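Here is a friendly briefing to read alongside the model. Please have the sequence and the coordinates open as you go.

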Amino acid sequence: MKSTYNKVMDDLRGKSLKELLNIFAQLQLPQYKAKETFRQIHHGLKGTIDQISILKKEERALLAEKYQLDQPQVIKHQHEGETEKIAFKLSDNLVIESVLMQYEGERNTVCVSSQVGCPVACQFCATGQMGFKRNLTVGEILSQIYYFATKHKISNVVFMGMGEPLLNYKNVMKAIGILNQELGQNIAKRKIVISTIGITEGIKKLMTETGQLRLAWSLVASFDHLRKELIGMKNLPSISSIVRAIHDYQQKTKRRVTIEYVLLKGINDGPEAINELAEITRKIDSHVNIIPYNEVAGGRFSSGDAERIYEKLKRRRVNVTTRQSLGKKISAACGQLTTK
Ligand code: SAH
Ligand code: SF4
């Protein structure tokens, strides 16, 4: 009985400071304790209600009647050099993966999942091939980062793990708001990247958000017909409509957008495709990040020659970099996260 009950318990980790103040008011607990509880959860990284030291035993019991603060269980832990991949079991037994990448002591980046599986169903992506199960809650998004934060100071967060973050817009934005809190992890929005396949509705909503959040667009292919072939999602927005949405977004935010381009040999690395890619980069303020394809079990793709494409784009005066994929041996690199 207890485990069924646990599933419906509301997660305190996903509550904003304002919501926590309201909960405390309703339970007739002192307001100053709500603020300190928020700090202990998001800065002190307390993993159970019992660990919240500002609360008396009876106050913790009162909170625990309706709320929980349990962290997803770590079921697998893998290392490769400076890259660490964790599999977490959620309260309904579904599993997600998250990755920590350490860059020579200068930055610690968490690659976070926003969904279990992904409805966009890209053929070249392991997550896309596992199907879509559900959106992650705010607490589940935060707990991935907090797991790593107990050991390292987290400087950057990238929504490049499992799932399409703009299809879980509300929870992703609420989690970012909490990460940004001074009483919490205090991670600046400019250190947070949302990577999207190009959900125009979401890009439009992003324009209304405050702060210098960064946006990356996974172009995948520079022609619509090829994009449609490679990306399973129905009603996929066209390249021109995404360019328009990003253009409007940039009018407002003035922020450069990264165009991610996963390189698939013989598919999107031909001269016409690369010419068209260069054309698209001129329509928005952008920078291209070439991602050599990472092997996915059962995948029918291989990587194009990233160096050759890099040189080609450089000659056309495109701002370009190549992504160095970390953690390939433990399947922690871009597109390799799955929990089938
Ligand atoms: N759903 C979002 C974020 C997660 S995917 C998005 O697609 O943008 C993060 C990046 O990994 C995307 O740019 C995607 O194109 C890339 N990717 C997916 N599968 C890959 C693979 N097998 N090898 C290399 N990159 C891959
Ligand atoms: Fe989803 Fe991104 Fe993978 Fe496509 S590449 S299936 S959008 S996670």
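Predicted model: local features only at pLDDT ≥ 70, side-chain atom pairs only at ≥ 80, totals over all residues.

Residues are numbered from 1 along each chain as its sequence is written, chains are lettered from A and ligands numbered from 1 in the order in which they are written, and side-chain values use heavy atoms, leaving out hydrogens and water.

**Domains and annotation**

- The chain splits into domain 1 (10-68) and domain 2 (73-330), with bounds that come from an automatic or database domain assignment.
- Taken over C-alpha atoms, the centres of domain 1 and domain 2 are 33 Å apart.
- Domain 1 gives 14 residues to the contact and domain 2 gives 14 residues, where contact means heavy atoms within 4.5 Å.
- In UniProt, an unreviewed entry places the feature "domain: Radical SAM core" at residues 104-329; such positions are given in the numbering used here, feature names are shortened, and annotations may be inferred rather than shown by experiment.
- Residues 104-329 are 35% helix and 19% strand, and their end C-alpha atoms lie 19 Å apart; helices (H or I, at least four residues) and strands (E, at least two) are DSSP runs, numbered from the N terminus.

**Helices H2 and H3**

- Helix H2 (residues 17-26) and helix H3 (residues 31-42) have axes that come within 9 Å and cross at roughly 140°; axes are lines fitted to C-alpha atoms, for helices over the stretch in contact, and angles run from 0 to 180 degrees between N-to-C directions.
- That angle makes H2 oblique to H3: under 35 degrees counts as roughly parallel, over 145 as roughly antiparallel, 65 to 115 as roughly perpendicular and the rest as oblique.
- On the H2 side the contact is made by Leu17, Leu20, Leu21, Phe24 and Ala25, and on the H3 side by Gln31, Lys33, Ala34, Lys35, Thr37 and Phe38.
- These contact residues of H2 and H3 are seven nonpolar, two polar and two charged; Ala, Val, Leu, Ile, Met, Phe, Trp, Tyr, Cys and Pro count as nonpolar, Asp, Glu, Lys and Arg as charged, and the others, Gly among them, as polar.

**Helices H6 and H7**

- Helix H6 (residues 138-149) packs on helix H7 (residues 169-179) at an angle of about 45°, their axes being 8 Å apart.
- H6 and H7 are therefore oblique to each other.
- Val138, Ile141, Leu142, Ile145 and Tyr146 of H6 make the contact with Asn171, Val172, Lys174, Ala175, Ile178 and Leu179 of H7.
- The contact of H6 with H7 has nine nonpolar residues, one polar and one charged.

**Helices H11 and H12**

- The axes of helix H11 (residues 271-283) and helix H12 (residues 306-315) cross at roughly 45° and come within 10 Å.
- That makes H11 oblique to H12.
- From H11, Pro271, Ile274, Leu277 and Ala278 meet Ile309, Lys312 and Leu313 of H12.
- The residues of this H11 and H12 contact divide into six nonpolar, no polar and one charged.
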